[in-house]
Amino acid sequence: MEEGRPIFLQVAELLATAIIDGTLAEEAQVPSTNELAAFHRINPATAAKGVNQLVDDGVLYKKRGIGMFVATGARAKLRERRREEFADQYVRPLLAEARKLGIGAEELKSMIDIREGER
């Protein structure tokens, strides 16, 4: 867990990342709040708040008496949300800076292609 960010949001993000990368498949059971709390050494109520955030978002659902499960379509939903966040956090500022520097779309694409080729 990292300092400065609410722990429950970090729990929700860890679970969301596991869904996006396929570690937690759709319809798979999610670790219980007690398991999450023990693993991360946090309060079970905090873990539950993170899990409930994903329930409220329609990413997880509860099977009464069994536990929490990944909803069908959760991966696509989370990927779309992350893509929008990526655009807001990285692409918009990149485009704004490119405009200031007089870099057009084609030149920007070329710069990206060159950097991609360096990997």
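R41 sits in the loop between α2 and α3. In this predicted model, the phi of R41 is near 55°, a positive value in a residue other than glycine. That is worth a second look, because most residues other than glycine have a negative phi.

Look for E27 in the loop between α1 and α2. With a relative accessibility of 37%, E27 counts as partly exposed.

**The hairpin**

There is also a positive phi at a glycine. Strands β1 and β2 form a hairpin with three residues between them, and G65 in that hairpin takes a positive phi near 80°. How do the two strands pair, in the parallel or the antiparallel sense? Strand β1, residues 60-63, pairs with β2 in the antiparallel sense, over four bridges.

**The core**

Now for the inside. The largest nonpolar core has 22 residues, and the members that touch the most others are L15, I19, L24, V30, V59, L60 and V70. Several elements give two or more residues to this core: α1, α2 (33-40), α3 (44-56), β2 (67-70) and α4 (74-100). Which of them gives the largest share? That would be α1, with seven residues.

Setting aside neighbours within four places in sequence, I19 is in contact with L24, V59, L60, V70, A74, R75 and L78. Among these partners, L24, V59, L60 and V70 are also on the list of core members that touch the most others.

Move over to T46, which is found in helix α3. T46 is partly exposed, with a relative accessible area of 24%. Which residues does T46 touch, leaving aside its neighbours within four places in sequence? The answer is I7 and F8. For a distance to check in your viewer, the C-alpha atoms of T46 and L36 are separated by 9.6 Å, and the two residues are ten apart along the chain.

Together with M1 and L14, I7 makes a nonpolar surface patch of about 260 Å². M1 belongs to the segment before α1 (7-20). Is M1 buried or partly exposed? M1 is partly exposed, and its relative accessible area is 44%.

**Salt bridges**

The structure holds five salt bridges. As background, side chains of opposite charge can pair when their charged atoms come close. Here are some of the bridges, with their N to O distances.

| Pair | N to O distance |
|---|---|
| D88 and R92 | 2.1 Å |
| E97 and K100 | 3.7 Å |
| K109 and E106 | 3.6 Å |

Let's take D88 and R92 to begin with. Why are D88 and R92 separated by about one helical turn? They are four residues apart in helix α4, so about one turn of the helix lies between them. D88 is partly exposed, with a relative accessible area of 46%, while R92 is exposed at 53%.

E97 and K100 also both lie in helix α4, but here the spacing is three residues, about one turn of the helix. E97 counts as partly exposed, with 39% relative accessibility. K100 is exposed, with a relative accessible area of 66%.

The K109 and E106 pair takes you on to helix α5 (residues 105-117), where both residues lie three residues apart, again about one turn of the helix. K109 counts as partly exposed at 47% relative accessibility, and E106 counts as exposed at 59%.

Terms used: Residues are numbered from 1 along each chain as its sequence is written. This is a predicted model: local features need pLDDT of at least 70, side-chain atom pairs count only at pLDDT 80 or more; totals for chains, interfaces and linings use all residues. Side-chain values use heavy atoms; hydrogens and water are left out. Patches are made of residues with over 30% relative accessible area and no salt bridge: like charges are joined within 9 Å, nonpolar side chains (Val, Leu, Ile, Met, Phe, Trp, Tyr) within 5 Å. Accessible areas come from the Shrake-Rupley method with a 1.4 Å probe; for residues, only the protein chains shown count as cover. A salt bridge is a side-chain nitrogen of Lys or Arg within 4 Å of a carboxyl oxygen of Asp or Glu. Buried means under 20% relative accessible area, exposed over 50%, partly exposed in between (1.4 Å probe, protein chains only). A nonpolar core is a set of buried Ala, Val, Leu, Ile, Met, Phe, Trp, Tyr and Cys residues joined through side-chain atoms within 4.5 Å. Contact means heavy atoms within 4.5 Å. Two strands pair if DSSP finds at least two bridges between them.
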